[in-house]
Amino acid sequence: MRDFAIRLGIFYFLFHSRFLYESLLLLPPWMKNKKHQVCLIHNLRKKGGEQLIGGRWRDMALLELLDQVEDAIGVDSDTICDKATHSFKSQVGIANDLPVRVNHTVERTKSHIPKDIGVFSNYNYLVLEVSEKLQPADSSAAKCPYKVLRLLNEQTGEERAVNLWDEWSYSVISPGDTVNVIGQFDEGGNCDIDHDNNFLIVHPDILVSGTRVAGSFSCPRRAVLDERLKSNEYSIAALCGTLLHQIFQAGLTSNNPTINFLECYTEVVLQKNIESLFACGVNEKDVHKTLIDGIPKIYNWIMLFRNMEEREDPNVDFGCVNGMKKVGISEVIDIEEMAWAPKYGLKGIVDASVRVMVQSRKDKPEEKIMPVEFKTGKSTNSQSSVEHNAQVILYTLLMSERYQKTIDSGLLYYLQTDHTQGIMVQRSDLVGLIIRRNELASDILKALLLQQLPPVLQSPSMCRGCRHLNVCSIFHKAHSGGVESKGLGDVFDSHTSHLTSSHSKFLCHWDHLIDLEAKGIEYLKKEVWRSYNLRTRNAGGLSSIVIDASQGIPYSKSHEDNRFVYRFVPQDSSCPAIISDGDPSSASLKTDLDLTLRSGDHVILSNESSHQTIARGVISDISQNHISVSFSKLLRIPGMSSTAHDLLQQVWRIDKDEAVTSFAIMRFNLVQLFLQNDQSAHLRRMIVDLEAPRFDSGSIVSQDPAISYVWSEKSLNDDQRRAILKILTAKDYALILGMPGTGKTSTMVHAVKALLIRGTSILLTAYTNSAVDNLLIKLKAQGIDFVRVGRHEAVNEEVRGHCLSETNVQSVEDIKIRLEQAKVVAVTCLGISSPLLANKRFDVCIMDEAGQTTLPVSLGPLRFASTFVLVGDHYQLPPLVQSTEARENGMGMSLFCRLSEAHPQAISALQSQGIMELSNALIYGDRLRCGSIEIANAKLEFSGLNCCFPWLEDVLNPGRPVIFIDTDMLPALEERDQKIVNNPIEAHIIAEVAKELVKNGIGGEHIGIITPYNSQANLIRSAVCITSLEIHTIDKYQGRDKDCILVSFVRSCENPTSCVASLLGDWHRINVALTRAKRKLIMVGSRKTLLKVPLLKLLIKKVEEQSGILSVSKKDIYQKGELIRCSQMR
């Protein structure tokens, strides 16, 4: 019997997933084999959500629990392992020894990886047991240790064994890890991995860049910090290298490059990177000379490698073993080629992929595909040279996977010394690099799960010049409890002496919360890679789409930023013609999209049949029937001609690129708070130490023209004036509680105008592009000048003209003049890393949506201003946090909420009396005040109300701003399919009301439909068929408002008590639903069911007081047993 304390600890560890514990204990005897157990694990993972996500340590606990259950239901005696077996302990401290059931005398196979690299299965395996053994005594070779892994195929339930020999035996692998075996198993299910045969990839779902692997040899800690942090540092040397890369690539792809062509293209490159030049603080002339100096060498190199037949002597040295070879480029296949290989856990972007002819003095010419890596530095024997070689070797591996053929060599060109080095891949090189990649992946995972970074290098000479010296030292002090780093002395102290224990605690706490949230995204990425490997469809993406050929060509070119836009539509095998947006019967993307994709999102395009990743892009437009994605270059399928006809024959898939996330920015923002400078110290005092904000009371009675303006502006009410005065007198920060309907946007506009009277520079920001643009549209109407920073695709059309890319900016000087001219700059919280803002500082930062923005995201913009203003409402939905654990530990508390609880500041108003009285009474304790009389009395305006049915006329009556349509007299029960909940009758009622509103002159763009459930939103979409209507879940309507809002509550059941714990019980969501309407709120639901939810019971009571309850009967909705539609009555 296993130790009871250990079992109890495991059960406590999994207490959030009680269903898992109960399900495993109830396993019948026929399910005691691992094949059935792994199926159960797979299903429970889906049900258990985040509690079982991604963490190797959770898999470990699961394995331990399985073993105990197996013991409880009986285990065959012959499964007990030999006592000589040495079991490795899990790194997280699970104490039980795991026996290894593997034959000691397994033979070492000598199979080599075949040239056809696609013959191996791409299954990932779960490591069940790890043991260390010695080679049998009767072996002719000397005894040497090796490791045995017992593996479980999580898809098939089959067990396998892998023997790790030679250098592989030193791999750090623990039970619960995931591995990919690149090699063949024998009939007994065994595979040997040694110096000469096969590979093992540890944590293959973590795609590590080849550059990161190559650079990690000198300092693994720096490589992990590079992976975890995204900084906005700009270097002239790095920028010049990027520009020379672009010139080199342009010369390669040109049919007839000349010196003159390359010099002219230099101007193009400088113009294209004008914002980065501005960030580096240099002008075009400073950089132009550097680029021109490099052009002769670039031109000569291209000519040398293009004209192979004109040369007799070899031109590339491939080392002492392979010697000199003559290499000529016959075709440039691609530049900046994105190569992802989940099979190897690697990714990278290759400078140039070329087809070459290679010939030595003795051999015949041989055609090959090679990566070309371009370096602007000099060729040396230093560590950097070793890293460059490693980079090229890894690129050959990536390209081998991408092109499904063996690529065993590459070219490395150093511009400064004009030296080209040939690199021939050796098996020993690959082994060393993959083992290093495995170690780095483990380090990255350990940092994510346990907040443990690799040890500090403790080399003063290297550390002093490291770009991460500041943050590396801060993290070390925070995580080591203040212990000095040995070997660094003053270098360490000078960067950390200002930090207190409370600072370290704050940093560690929020770093942990970010990682908890990031684990969920890692799981999503893991599912995407796994779906690629297994040739299965991942449920999170948009699949079965084709390129729209309605315009005769597969793409259009975006003139704004020289990008190529492809339009994708649903595949329709029965009708290959293009789907029309105006045809409601057309296939729809909405069910697959489920509105998780939106304009401006980064996405991955892959081939659905081969599951090969093709390109990264950005969504430029999305609708119910199409999605347009812009790419930096033309689409190309590896190994195909990629003509328009080829592309049109492909079926595609789009997934959100979760690699482009905010977590690296969030960690960077967090650690910047603890740097030793004045701005960081000020923010630390306000945010970490929670010092009280200061206000200048004397200026209220001064002759400040800004304050005079506030008092003289007649459109402001008293509360709005007090809010603006609070902003004007703030020395540190001000909090504006912008409750719904308070005239918040109007208040912010007048605050901006008042600040501009003072000559104050202002940074406007919010988490979403829509919130930023909504405010800018109001400022534009007031004639206020501003600069909008952001991607073209994500910016509202009404303010795109204020983006620098849309103006006549031709030089760095033009950017300086424009930014000095415009005192207002607007950007999203995550867009703050734009090069346009690299050296910019502002007097005031005003952040909208602050109540719905996580603290680490909020920190980014605040670093750019002396004073900040947070505008929000923490009574609405809190920041969206996917991780339950992160949310319960504080990730859901916004900076606005933290500061408002420490130092309450609230200025509020009320919108339309009839509508806002509901939320005012239920949520805000009658503290709202109306922004203006006009807002209070706002009603829907009809030129003439003409309805099909009397009940619809009652619903649309402008004199009744709030209506609740009670469905209790109808057979309108909810329908359930597993976790999916919808209500077809409510969807029908909502659709009829919406159509009637449009028929009577209310534009679809002024109507919004809200429901708690995605499935109901999809049902309503199919019933309404009005493309201008916005139909969203409550969560997705945060920050939006419409003249008329329709709400479908969905829940209606015989046993209403089951609804209490549903989404309807969340008062934040109810508040959002009730406060989106400016003129009319129409709710549809079961009164009997909603009365069982305490908050909604109060809602129903308030609506009754306003005489807003309308009960509909069968005769209103049905005729001859069928639903009546107004369209049938016309």
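Stop 1: Select helix 34, residues 1014-1024. Helices here are DSSP runs of H or I with at least four residues, strands are runs of E with at least two, and both are numbered from the N terminus. Colour the buried residues of helix 34: Ser1015, Gln1016, Ala1017, Asn1018, Ile1020, Arg1021 and Val1024. Buried means under 20% relative accessible area, exposed means over 50%, and partly exposed lies in between, with a 1.4 Å probe and protein chains only.

A word on the model itself: it is predicted, so local features need pLDDT of at least 70 and side-chain atom pairs count only at pLDDT 80 or more, while totals for chains, interfaces and linings use all residues. Residues are numbered from 1 along each chain as its sequence is written, and side-chain values use heavy atoms, leaving out hydrogens and water.

**Stop 2: the whole protein.** Zoom out. The protein has 38 helices and 37 strands. Of its 1130 residues, 57% count as buried. Look at contacts (heavy atoms within 4.5 Å). Among those between residues at least 6 apart in sequence, 72% join residues at least 24 apart.

Stop 3: Most residues other than glycine have a negative phi. Find His203 in the loop between strand 7 (199-202) and strand 8 (208-209). Is His203 buried or exposed? His203 counts as buried, at 8% relative accessibility.

Next, pick Gln451, in the loop between helix 13 (427-450) and helix 14 (460-464). The phi of Gln451 is positive too, near 55 degrees. Gln451 is buried, with a relative accessible area of 13%.

**Stop 4: the nonpolar cores.** A nonpolar core is a set of buried Ala, Val, Leu, Ile, Met, Phe, Trp, Tyr and Cys residues joined through side-chain atoms within 4.5 Å. Which residues have the most contacts inside the largest core? They are Leu200 and Leu870, in a core of 166 residues. Helix 13 gives the most to this core, with 12 residues. Apart from this core lies another, of 36 residues, among them Ile707, Leu725, Phe786 and Cys803.

Centre on Leu870. Leaving aside residues up to four places away in sequence, Leu870 touches several others, including Ala734, Met847, Leu862 and Phe896.

**Stop 5: aromatic rings.** The whole structure holds 16 aromatic pairs. Rings of Phe, Tyr and Trp (its six-membered ring) pair if their centres lie within 6.5 Å; planes under 30 degrees apart are stacked, over 60 edge-to-face, and the rest tilted. Select Tyr146 and Trp165. Their ring centres are 4.1 Å apart and their planes are at 15 degrees, so this pair is stacked. Tyr146 is in strand 3 (residues 145-153), and Trp165 is in the loop between strand 4 (159-164) and strand 5 (178-182). Tyr146 is buried at 1% relative accessible area, and Trp165 is buried at 2%.

Then select Phe248, Trp301, Phe305, Phe374 and Tyr413, which form one aromatic cluster.

**Stop 6: charges over rings.** A charge sits over a ring if NZ of Lys or CZ of Arg is within 6 Å of the ring centre and within 35 degrees of the ring normal. Show Lys726 and Phe695: the charged end of Lys726 is over the ring, 4.3 Å from its centre. Finish at Arg841, which lies over the face of Phe864 at 5.2 Å from the ring centre.
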